[in-house]
Amino acid sequence: MLVLTRKKGENIFIGDDIEVSIIGIDGDRVRIGIEAPMDLEILRGELLDETKELNRQAAHTSTIKFSDITKLMDKK
């Protein structure tokens, strides 16, 4: 892991097409801006963790047969 110290208004460049800018600092919170190609997915860590957990839960759910669904629909 590369660790850098930046001040408000300073930037970090990743490759030729990603720019991370320090927008503001308020106590222990840092606001950053990221300029990157639109096809590059950027996620906050906690959202990625939540998505992984939801996917794990979904993988362990029971399945229902299509024939059971049609039977339920026929009853209505």
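What share of the contacts in the chain with a separation of 6 or more comes from residues 24 or more positions apart? In this predicted model, such residues account for 0% of those contacts, a contact being heavy atoms within 4.5 Å. Local features need pLDDT of at least 70 and side-chain atom pairs pLDDT 80 or more, whereas totals for chains, interfaces and linings use all residues. Residues are numbered from 1 along each chain as its sequence is written, and side-chain values use heavy atoms, without hydrogens and water.

The chain has a radius of gyration of 22 Å, while a compact globule of 76 residues would have one near 11 Å. The radius is taken over C-alpha atoms, and the globule rule is 2.2 Å times the number of residues to the power 0.38. Along the principal axes, the C-alpha atoms fill a box of roughly 65 × 30 × 25 Å. Buried residues (under 20% relative accessible area, 1.4 Å probe, protein chains only) make up 8% of the 76 residues.

Two helices and three strands form the secondary structure. Helices (H or I, at least four residues) and strands (E, at least two) are DSSP runs, numbered from the N terminus. From that end, the order is β-β-β-α-α.

Strands E2 (residues 18-26) and E3 (residues 29-35) run antiparallel and are joined by seven bridges. Two strands pair if DSSP finds at least two bridges between them. Val20 stands opposite Ile34 in E3. E2 and E3 form a hairpin with two residues between them. In the turn, Gly27 has a positive phi of about 65°.

Conventions: Buried means under 20% relative accessible area, exposed over 50%, partly exposed in between (1.4 Å probe, protein chains only).
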